Amino acid sequence: MPAFDVIAQGFATAFSLYNLLYCLIGVVIGMLVGVLPGLGPTTGVAVLLPITFGMEPVSAIIMLCGIYYGAMYGGTITSVLINTPGEAASVITCLDGSPMAKQGRAGAALGIAGIGSFIGGTISILGLIFVGPPLAEWALRFGPPEFFALMVLGLSTVIGLMGKSIIRGLISAFLGLNLAMIGMDPVSGAVRFTFGQPNMMNGIDFVIVAMGLFGLSEILLGIENMANAEKPPKVKGFLPNKDEWGPSMKAISRGTVLGFIIGLIPGTNSVIPAILSYSVEKKLAKDPSRFGKGAIEGVAGPETANNSYCGGALIPLFTLGIPSSPTIAIILGAFMMHGLTPGPMLFQQNPVFVWGVIASMFIGNFALLIMNLPMAGWWAKIAMIPPKLLYPLILIIAALGAYTTNNNLFDVGVMFVFGILGYVMKKADIPMAPIVLTFVLGKMLESSLLQSLKLLDGSFLGLFQRPISGTLLSIALVIIVLGLISGLRKKNSGFAADVEM
């Protein structure tokens with residue numbers, strides 16, 4: 001547990017006028033991103049990352065984190081009111097949230113979702129306070145070999161993000177690694193893969209890649225799939241019935257624990273705890289047949305789990321520098337953009353920054369609870385904005401953001417190239433997460449490997465002879481082998497099913 005004066009400094013930082021303003025701006029934008037179908041937190045953070053260039057690091061990260069967990073709240077509203085998930089994790093909420101709305105109980109569904117999200121998010125932030133510092137202190141023992149092993153462990157979790165096809169996942173992962181190699185070699189200074197283009201001497205800016213892959217590709221898909229939205233029902237009565245409080249609070253408790261634990265595992269995403277929470281609640285219910293027809297536990301559990309996940313997912317980022325999801329990978333890029341290196345030294349060198357960001361999450365969660373209940377109907381109306389007006393606006397913001405990154409039109413062209421690439425990858429069902437994680441971790445992996453080989457006189461086996469790095473590398477190998485075996489089994493079972501048909 002950190003010293004009280006450090007935490008007090010963090011809250012003082014969070015409550016300063018500018019940081020408080022940026023926190024509120026972040027959660028409002030996050031709500032907006034979550035409400036608008038097809039965007040989600042990854043797209044929102046990627047598109048708005050360039051506007052943080054001129055900001056103080058603590059203000060920038062406070063705002064980006066606000067967008068991240070704010071989008072988790074926002075996606076609930078359209079899932080319940082118009083059966084349209086604003087972001088991926090809210091797909092599960094549609095199963096029982098929409099039937100509740102059709103029964104005239106939209107207010108109760110939104111109310112329990114808001115309460116569960118607040119509880120799950122707040123408790124997970126407390127978990128960050130208690131788990132983060134000890135983990136960071138343990139990680140202070142790390143040298144270059146341990147950091148290399150940690151990066152390999154982080155990359156091994158890409159196996160879990162490869163989707164239905166290992167081949168497609170590997171294509172995405174290797175593409176990300178190749179993109180990370182563009183520019184000057186960190187040791188020899190040799191120029192690689194620039195094709196004689198001076199603008200690529202320092203590599204490709206992560207912000208441009210993220211905006212193209214996630215922001216522009218979503219716009220292209222959205223234009224392709226324009227549809228008329230339903231008129232949202234009226235919202236009234238935000239509290240559940242008396243007999244629903246008990247089951248709902250149990251679901252919220254289980255969702256909080258489940259989301260936090262899964263958030264600690266690199267390579268996961270917020271959809272996983274939402275699905276698992278729904279499955280757990282259905283199995284534990286006295287009458288499972290209610291699920292899918294308006295069971296309030298089917299809203300409370302998943303919504304709590306995906307918000308609790310956010311706090312848990314920030315622990316590997318703050319303490320070890322490992323992004324646990326594509327959105328966290330983009331936030332990691334923001335850290336680096338502002339000259340900060342997430343990891344064990346962050347707590348030692350920038351304690352006011354760390355605790356300022358953590359304290360802002362308490363403020364943001366409280367603000368979201370207020371915004372989520374009485375204003376739910378108003379937020380739902382925003383989802384009715386015609387796509388023909390919305391998508392050009394987002395496109396203009398993205399293009400301006402790409403240009404202002406380095407004041408270079410070349411970056412705008414690169415963003416459009418990656419936007420088309422992202423669109424093609426999504427159409428071909430090639431997962432996006434591996435390319436982001438390998439691109440972010442690739443440069444750190446290369447640097448730590450070269451430093452380790454110098455330290456160990458060129459002996460790669462020496463990495464396995466050190467206790468921490470050897471253990472981490474062994475765990476990574478086990479994860480890779482088990483992931484490949486699991487993927488091959490799924491492929492073979494699918495092939496056998498096709499043969500039988």
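Me: To start, is arginine 192 buried, partly exposed or exposed?

Reply: Arginine 192 counts as buried, at 17% relative accessibility. Buried means under 20% relative accessible area, exposed over 50%, and partly exposed in between, with a 1.4 Å probe and protein chains only. This is a predicted model, where local features need pLDDT of at least 70, side-chain atom pairs count only at pLDDT 80 or more, and totals for chains, interfaces and linings use all residues. Residues are numbered from 1 along each chain as its sequence is written, and side-chain values use heavy atoms, with hydrogens and water left out.

Me: Which residue forms a salt bridge with arginine 192?

Reply: Glutamate 446 does, with the closest N and O atoms 2.7 Å apart. A salt bridge here is a side-chain nitrogen of Lys or Arg within 4 Å of a carboxyl oxygen of Asp or Glu.

Me: Where do glutamate 446 and arginine 192 lie?

Reply: Glutamate 446 is in helix 19 and arginine 192 is in strand 2 (residues 191-192), so the pair ties together parts 254 residues apart in sequence. Helices (H or I, at least four residues) and strands (E, at least two) are DSSP runs, numbered from the N terminus. Glutamate 446 is also buried, at 15% relative accessibility.

Me: How many salt bridges does the structure hold?

Reply: Five. One of them joins glutamate 146 to arginine 466, with the closest N and O atoms 2.9 Å apart. That pair links distant parts of the chain, 320 residues apart: glutamate 146 is in helix 7 (residues 144-156), and arginine 466 is in the loop between helix 20 and helix 21 (467-500).

Me: And the exposure of glutamate 146, buried or exposed?

Reply: Glutamate 146 counts as buried at 4% relative accessibility. Arginine 466 is partly exposed, with a relative accessible area of 28%.

Me: What does arginine 168 pair with?

Reply: Arginine 168 forms a salt bridge with aspartate 429, the closest N and O atoms being 3.7 Å apart. Arginine 168 lies in helix 8 (residues 166-180) and aspartate 429 in the loop between helix 18 and helix 19, so the pair ties together parts that are 261 residues apart in sequence. Arginine 168 is partly exposed at 35% relative accessibility, and aspartate 429 is partly exposed at 40%.

Me: What about the phi of aspartate 429?

Reply: It is positive, about 60 degrees, although aspartate 429 is not a glycine. Most residues other than glycine have a negative phi. The loop that holds aspartate 429 runs between helix 18 (409-427) and helix 19 (433-455).

Me: Where is aspartate 457, and what is its phi?

Reply: Aspartate 457 lies in the loop between helix 19 and helix 20 (462-465). Aspartate 457 has a positive phi of about 55 degrees, and it is not a glycine. At 74% relative accessibility, aspartate 457 counts as exposed.

Me: Now pockets. How much space lies in the second largest pocket?

Reply: About 550 Å³. On a 1 Å grid over the protein atoms alone, a pocket is an open set of points where a 1.4 Å probe fits, with protein on both sides within 12 Å along at least five of seven lines; lining residues have an atom within 4 Å of a point. Grid points are joined across faces, edges and corners, and the volume is the space filled by probe spheres set on the points.

Me: Which residues lie nearest the centre of the second largest pocket?

Reply: Asn202, Ile204, Asp205, Phe206 and Lys443, out of 23 lining residues. Helix 9 (206-224), helix 13 (326-337), helix 18 and helix 19 each give two or more residues to that lining. Helix 19 provides the largest share, four residues.
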